[in-house]
Amino acid sequence: MILLSISGFFGRFHPLLVHLPIGILLLGVILHWLSRKPQFSTIRPAVSVTLLLGAVSAVLSCISGWLLAAGGEYDATILDRHRWMGIGVAVVAILYYIIYIEKFSFRFHPALPYVLSVVLFMLITFTGHLGGTLTHGEGYLTQDIGEPDDIKEVKKIIPDVQEAHAYNDIIQPVLQNKCYNCHGPSKQKGKLRLDSKEMIEKGGEDGKVLVAGKSAESELYKRLTLDLLEKKHMPPKGKSQPSEAEINLIHWWISTGASFDKPVKALPQGEKIKPLLIALQSDHQHAPSKPQVPEAPVAEAPEQAVNKLKELGVTVVPVSTGSNYLSVNFLDSKKIGNEEVKLLEPLAPQLIWLKLGNTAINDSAMTTIGKLPVLIKLSLDNTPISDKGLAMLQSLSKLQYLNVVGTKITAGGLQALKNLPELHTLYLYRTAVDGADLASLKQAFPKAVLDTGGYTLPLLEGDTTLITQKK
């Protein structure tokens, strides 16, 4: 075991050593070709030294790479090709050096060193590409070409979500888009693959990642919900992150038994998950805009106030790296009531995203929330709030997103918010709002998107809309 640990330790120097032969040997090739010209003839002694250093570093790189490969975190086929091409680089580099210095009793064809230089250049190029594929995944060179980072992934439309397979049609596409780059066929960080049932159930070097029926104990779900700044958060910072809806769907799938073969209709569906499933049936051409983070700088929130919330199990995190603006999530706790919401008051200048869904708050808590001047995203789903409490939010001039799914809110109550200038997204599934109310809400919120669960209704000034709902 000690021997394996030592070999693994030295193997980790491969990423450092591998750049030496790449740089040194390529420099040697360039100097060699330049030395053909009379004005560069003085650099010929430097060519032999450069090629010798490159050949030695190539051998060291092969040794460290072989030791690193023992970790077994990579696609076997690509790894095998990379390994033997790396050995090829070392062999050709040694021959190149020996033939260049002409330490033989017989002479080779004068063109042979130049032929070897071209072969060496090609080997370095292809070996480096395979190494990049092992590290970053297949297609890493072209993954950003032709599609800017802010372009959303094409959404798969499911005609009848109840007849769809929960894993194949809903969960697997999320894993493919967000996880396969590091845990797929070409790369397996932590010896974990997520591209098949057998591999998911097997887990990685740290054990199982899926505990059927227990989302809270499943690393597959837990890693998604960690603070983005945490080292163990997955996907890593800088990679495309799953949406809130996708994370909730994964939670639902695991909690209902993590079945790989059952259709959606065979699984329990709580009121919280139904609108997410229904949304998979339609292509929202007028998708809700993403809430924007204020550009104006703000002071850091009081540490004592943040700690008080964290002691209650509340998640308090920055909305982005280096920002003092905060997102607060009360994590669907029925233990949270109006008194706990008052702890938000010291965070008023920094708090822009607030999730209070599935808590025990009522209209009294709206008095506190109405005092959060920079709040732009508010989730009150499945809480006992009423129109009376909603009226207390008229002071939230920055509010862009409001979720009142599963509440007693009526169209009349929503009218109280019609003068909020930036409100562009309203989630109204399972409220007291019905089809007859949509025309009046359309007039009250001409630039907003109303999502009632079965469809998304884009609202444009002066238009007349025929509303139909998919069965």
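Contact here means heavy atoms within 4.5 Å. With that in hand, welcome to a tour of close-up views; please keep in mind that the model is predicted.

**View 1. Helix α13 and its packing partners.** Helix α13 covers residues 303-311, and its buried residues are A305, V306 and L309. Looking down the axis of α13, these buried residues fall within an arc of 100°, so they line one face of the helix. What do the buried residues of α13 pack against? Their partners are β1 (315-318), β2 (326-329) and α14 (338-341). On the face turned away from the buried side, α13 carries the exposed residues E303, Q304 and E311. Just after α13 comes G313, which takes a positive phi of about 90°.

**View 2. Helix α3, seen along its axis.** Helix α3 runs over residues 19-34, 16 residues in all. From its first C-alpha to its last, α3 reaches 23 Å, close to the 22 Å expected at 1.5 Å a residue. Which residues of α3 are buried? They are P21, L25, G28, V29, L31 and H32. Viewed down the axis of α3, the buried residues fall within an arc of 165°, so they line one face of the helix.

**View 3. V49 in helix α4.** Here we look at V49, which lies in helix α4 (residues 44-69). Is V49 buried or partly exposed? With a relative accessible area of 49%, V49 is partly exposed, because the exposed class begins only over 50%. The C-alpha atoms of V49 and I24 are separated by 10.0 Å, and the two residues are 25 apart along the chain.

View 4. The structure holds five aromatic pairs. Ring pairs join Y167, W253 and F260 into a cluster. Elsewhere, R36 lies over the face of Y114, at 5.0 Å from the ring centre. The charged end of K377 sits over the ring of W353, 5.4 Å from the centre of that ring.

**View 5. Two cysteines without a bond.** How many disulfides does the structure hold? The count is zero. C179 is in no disulfide, and its nearest cysteine sulfur, that of C182, is 8.7 Å away. C179 is buried, with a relative accessible area of 13%. C182 is buried too, with a relative accessible area of 9%.

Definitions and conventions. Residues numbered from 1 in each chain as written. Predicted model: local features only at pLDDT ≥ 70, side-chain atom pairs only at ≥ 80, totals over all residues. Heavy atoms only, no water. Helix = DSSP H or I, 4+ residues; strand = E, 2+ residues; numbered from the N terminus. Buried < 20%, exposed > 50% of the residue type's maximum accessible area, 1.4 Å probe, protein only. Expected span 1.5 Å × (residues − 1). Arc of directions from axis to C-beta. Phe/Tyr/Trp six-rings, centres within 6.5 Å; stacked < 30°, edge-to-face > 60°. Lys NZ or Arg CZ within 6 Å of the ring centre and 35° of its normal. Disulfide = S-S within 2.5 Å.
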